[in-house]
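Have a look at the sequence and the structure first.

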Amino acid sequence: MNSALKALFLTDPRKNFNSYVHKCASLLKNFSDKGLVSGGTLLHGLLFKKGVFSERFIAIKLLIMYLNFRKLPEANQIVKELDGFDLVVRNCLINANVQWGNLGEARKLFDEMPERNEVSWTTLISGLMKHGRVQESMWYFERNPFKNVVSWTAGISGFVRNGFSFHGLKLFVRLLESGVKPNQVTFTSVVSACIETGDFELGMSVVGLIVKTGFEDNVSVCNSLITLCLRMGEFDLARRLFDRMETRDVVSWTAILDMYVELGDLGEARRIFDEMPERNEVSWSAIIARYSQSGDHREALNLFRQMVQLGLKPTISCFSSILSALASLELLRAGRNIHAHVKKIGIEGDVFISSSLVDMYCKCGETEDGRLVFDSIEKKNVVLWNSMVGGYSVNRQMDEAKNLFDHMPTRNNVSWGAIIGGYLEYKQFDKVFEVFNEMLLTGEIPTKPTFSSVLCGCASVASLEKGKDLHGKIVKLGFQNDVFLGTALTDMYAKSGDIASSKQVFDRMPERNEISWTVMIQGLAESGFVEESLALFEEMRRTSSVAPNELMLLSVLFACSHSGLVDKGLQFFEEMERVYGIRPKGRHYTCMVDMLSRSGRLYEAEAFINSLPFQPEANALAALLSGCKTYKNEEIAERTARKLGELAEKSSAGFVLLSNIYASAGRWIDVSNIRKLMREKGLKKSGGCSWVEVRNHVHSFYSEDGTHSESAEIYDILELLRSEMLGS
DNA sequence: GTGCATTAGG
């Protein structure tokens, strides 16, 4: 940019005056659009020096620029030099007031004009549309004596922008009837209206009209047609359209880039990005957003850094993507930096930015800072509310979450999902079902993640009844082919004891991911279908590209352990690192110790523990102790117990087991010693819990008395039943 | 062709 300025500085305007003036004008517009205040001021000085300043349309460009920069004294100065407020200056002022959001002032200026031209009308009409004042805008539209293409197009695109695409299409029909010829801009708006309404048939007939009127080679029109094809799922057609374009701009490239991302081919998208002849803020934003969405937050950050280094100004959407990447990586400090930056450039109040900020703070566990941002926003939209409710939910601050949820002006299915997900996280399963039922009563359709949460709740309380009901709803909504829901259903049936249905759902899944296989292998193993579990593991290795993971191996070992297939288990364990490349973790060793202990191979189990490269889990020692109890080996029990005592782990299971062993041997002094030790260490036996489902409500009972709100009545009835039974 | 209408990203 500086080089362009330099060139103008060195050229003599008298040589080719017209071309000089036009170069100045386009440079001014550039500075104005990009907000480059210093460049603009510098150019102003240059124009003054070179004597081209008095050129009228240069002065107007300067006025527009200063209005854009909100430099009012400078703007006033120029108005003075232009001999006051004429029609064009008034038009510029109306436009500026529209940009600043002073619609009242804009209208006042318009209404008080001594004369108006077509630009005056269109400026006001489009300005009102820009701010969502559709009705007012149409009021002026109907009274506009200059109905040219531009004002028709302003009306149509205004409708589209405000979500009234159908009205936009109706206006387009009126335009055709009026005899005014639509141009390339009109067609781009109309095509986007068709995309918005999903009326692809109409879209195709508009294509016919475009071809007939000869606008099919226009870049913008072509770009919008590419988007139309993408929305129709016609990816090949989109690509062909792109290929036959003679000139392509950044928008075309970005559109085709996004197509590959949508197809899940991030590699090809990246290749296109690297090969694009020109990249602007939006193309960068697009690829950054997609990396962030697909979970590659590091790469998103890398690209963001590169973009900033190139001197490009990140857009609002770019900041919002990067905040969400930082949120996922829990990089609080960097997040705070971005917060400071967006505050400095004055976009902190933007709905996308503010909800990303809330999300970022909450994902980093700083709900209070999130709340500060939330409270600072005057015009909150539903997304912002959802971010805050969801933020409390993931941090298990359910009282705050529910309180905020209850105060929401409007809720959507995401809001309900956030609160349900929170209760699931908090393991308040009765609340999960309660809120879910409430949601259904309001007529809101649950999203897939919400179904997944509730299914997980069903799996946790083994409520087959509710699970089946959900299954029905999922099928009704046509969600049954979704991988995540299929997996959740498989898990729910397995955990609820209906392994046949679980397998059936799994078999019918059109697509399976790593988790689906894990869940099914685990489900079969834990339900005692050891052979089937091992067979499925083999099948997966044979037929799918999914690699075995830690959890699957754990299930396989578990299956071997619980069916006494000790040697097979030992073989799998040996193969873990060598064949599958998975380093055994504490859980795997524990499983092995359990397996050996169960089959009475206590010395091997003890040797196994001693060979561990790290501290054994308390559970491993507990498993060995349990074996000692079964096979009455006090010698190993004594040694293991000592080890367990040394282990400063916060697990009560081992101590409880130890005390049970002593109890069964009649060594009561040792029992009481252990109880004392547990009290000193602040360990508490984790309470047992059972539950029963009555009329869509899950009642939980814990081993401590009186935790149920109606426990007094329940015990009364129990007493009554007992006396009845004894009496008869 | 002073000034007004559009397409890609969230």
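How do the residues of the lining of the largest cavity divide into nonpolar, polar and charged? There are two nonpolar, one polar and four charged residues in that lining, where Ala, Val, Leu, Ile, Met, Phe, Trp, Tyr, Cys and Pro count as nonpolar, Asp, Glu, Lys and Arg as charged, and the others, Gly among them, as polar.

A word on the ground rules. This is a predicted model, in which local features need pLDDT of at least 70 and side-chain atom pairs count only at pLDDT 80 or more, while totals for chains, interfaces and linings use all residues. Residues are numbered from 1 along each chain as its sequence is written, chains are lettered from A and ligands numbered from 1 in written order, and side-chain values use heavy atoms, without hydrogens and water.

A cavity is a set of points, on a 1 Å grid over the protein atoms alone, where a 1.4 Å probe fits but cannot get out; a pocket is an open set with protein on both sides within 12 Å along at least five of seven lines, and lining residues have an atom within 4 Å of a point. Grid points are joined across faces, edges and corners, and a volume is the space filled by probe spheres set on the points. The count comes to two cavities of 30 Å³ or more. The largest cavity holds about 50 Å³, and its lining is made up of Glu216, Asp217, Cys222, Arg244, Met245, Glu246 and Thr247.

The largest pocket has a volume of about 550 Å³. Its lining has 14 residues, with Asp33, Lys34, Gly35, Lys313 and Ile345 closest to the centre. Helix H2 gives the most to this lining, with three residues (helices are DSSP runs of H or I, at least four residues, numbered from the N terminus). By class, the pocket lining has six nonpolar, five polar and three charged residues.

**Meeting DNA strand B**

Around DNA strand B there are 40 residues, of which Lys61, Val88, Lys130, Asn280 and Thr315 come nearest; a residue is near a strand if one of its heavy atoms lies within 4 Å of it. Helix H18 (residues 281-293) gives the most to this surface, with six residues. The table lists polar contacts, pairs of N or O atoms within 3.5 Å.

| Side chain | Atom of DNA strand B | Distance |
|---|---|---|
| Asn117 | base nitrogen | 3.2 Å |
| Thr123 | sugar or linking oxygen | 3.4 Å |
| Thr315 | base nitrogen | 2.6 Å |

Key
A polar contact is a pair of N or O atoms within 3.5 Å; within protein, one must be able to donate a hydrogen and the other to accept it, and residues adjacent in sequence count only if both atoms are side-chain atoms. Helices (H or I, at least four residues) and strands (E, at least two) are DSSP runs, numbered from the N terminus.
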